[in-house]
Number of protein chains: 2
Amino acid sequence: MKRIESIQNQKVKQWRKLHTKKERDASGTFLIEGMHLVEEAIKNKSNIKELILSEDTVIPKGWDVDDLSIIYVTKEIMKAISETETPQGAAAVCIQKDSGSISTWKKVILIDALQDPGNLGTIIRTADAAGLDGVILGDGTVDPYNSKVVRSSQGSIFHIPVVRKKMDEAISELKQNEVAIYGTSLQNGSDYRKAETSGHFALLIGNEGSGVREEWLSLTDQNLYIPILGKAESLNAGVAAGILMYHLVK
Amino acid sequence: MKRIESIQNQKVKQWRKLHTKKERDASGTFLIEGMHLVEEAIKNKSNIKELILSEDTVIPKGWDVDDLSIIYVTKEIMKAISETETPQGAAAVCIQKDSGSISTWKKVILIDALQDPGNLGTIIRTADAAGLDGVILGDGTVDPYNSKVVRSSQGSIFHIPVVRKKMDEAISELKQNEVAIYGTSLQNGSDYRKAETSGHFALLIGNEGSGVREEWLSLTDQNLYIPILGKAESLNAGVAAGILMYHLVK
């Protein structure tokens, strides 16, 4: 157990840098904060590089912190590394686990160039709730270790594998494994309510404004749309993904 | 056509006050900003009390602004009344229209004590997309004229009636009109996938943390839940509402 009292400490500087994508990418780690997220993370200790606790934090019953690297800090330091006005007593440096095999995945969501961190976090949370095997992020999608993504995921980023992969390679590998690929489109395709699935599927969701890129839509088995019955132009991307995931997973 | 150049002008002060719920309630108006929202609002001129344009704004083709009260302002004033760093060239004072009869409504979402403005705006947008007749907000729900709600609704607040009403009175009136009431619950009730409806329904959604109040759940015809198939504790309220609305509206 270590203790840090100076805000000038190198570790504190390093933790603060984790608010930037550049530093997250370079270190292969990311910073989380708050009791709930930390609790979800430590359920699998391999997530954790360092557990950071305020000096007055009492470790809740039920948290198994054996063998974890624990660092106690002053409230001033906790505030300095936090993005919230009134930080809770726990934070952690976590290990990025975004590579790995998708060869056994049969229920998948593919995400192409989604921009909004809240939308991505919500989709990861819904994919977890719907019992999917994993989430694949194509190029141009917001960093899944962005703190807003992690927060919106409500801890699901620690429950379900999230991997970054070239979209064409992912689609090709899933097809080889006989997983049907469903694109989504505002203009073309079939009403999703008529889509019948085997329960194995990969659902491809695109950018909030421009949707899924044409080059990927041409690789799918079928493209689906959600009918707009009123005057709205479109649905929120997170809501649309949720409606489709729960339909396909049946 | 008027023109205001001084940031000290009484109207400018009044517009800025519309960022508070107190002033919105007292005046029965609310402030919107951005070309897209203003465009949606002026499609029905009775929404608009005052259209506010930057001095360099060219009114887009297709905007019918005849008979509207238009006020041109300096960029400095537009920035002062805006909540964004780089305001667009249009804003408007709009009229709150949250009272009205629900006697003909057959497809309804009832919202009890929902707190997050983004969630409420997203639910209004989805209710519009799903072709519902209207949205009813019970006590304790976030102000629908909060700028974040309006923004998340993507203009749907101008497409679909949103009324504030006592929840027990709303349920009672809907029941008299033979609209089946579906509550939502994490613990009890039926799997939503087995719920069969006539296409007429009122769906009752609750607070993000605590769900629908027990006193309302006891008044429903049936309570539904969305099964959690993975490790997530729950779904985002906006996503859950979307899955259920699109299921029931079939």
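In this predicted model, B:Tyr182 has B:Gln222, in strand S12 of chain B, as its bridge partner. I start there as a way into the sheet of chain B. Strand S9, residues 181–184, and strand S12, residues 222–225, run parallel and are joined by 3 bridges.

These two strands belong to an open sheet of 7 strands in chain B, with parallel pairing. The order is S8-S7-S6-S11-S9-S12-S10. At the edges, pairing on one side only, are strand S8, 162–164, and strand S10, 190–191.

Next, the helices. Helix H7 of chain B, residues 167–176, lies across strands S6, S7, S9 and S11, and it runs at about 160° to S6(B). Helix H9 of chain B, residues 237–248, also packs on the sheet, where it touches S6, S9, S11 and S12. The direction of helix H9 makes about 170° with that of S11(B).

Let me now turn to chain A and its domains. Domain 1 covers 2–95 and domain 2 covers 107–248, with 31 Å between their centres, taken over C-alpha atoms. To the contact, domain 1 of chain A brings 12 residues and domain 2 of chain A brings 11 residues.

How much area do these two domains of chain A bury between them? The value is about 1,100 Å², with 61% of it on carbon and sulfur atoms.

A:Arg24 forms a salt bridge with A:Asp143, with 2.8 Å between the closest N and O atoms. Across the interface, 4 residue pairs are in polar contact. On the side of domain 1 that touches domain 2, helix H2, strand S2 and helix H3 of chain A each supply at least two residues; H3(A) gives the most, with 4 residues.

Methods
Residues numbered from 1 in each chain as written. Chains lettered and ligands numbered in written order. Predicted model: local features only at pLDDT ≥ 70, side-chain atom pairs only at ≥ 80, totals over all residues. Heavy atoms only, no water. Pairing = 2+ DSSP bridges. Contact = heavy atoms within 4.5 Å. Axes fitted to C-alpha atoms, helices over the stretch in contact; angles between N-to-C directions. Domains from an automatic or database assignment. Buried area = accessible area lost by both parts, 1.4 Å probe. Salt bridge = Lys/Arg side-chain N within 4 Å of Asp/Glu carboxyl O. Polar contact = N/O pair within 3.5 Å; in protein donor to acceptor, adjacent residues only side chain to side chain.
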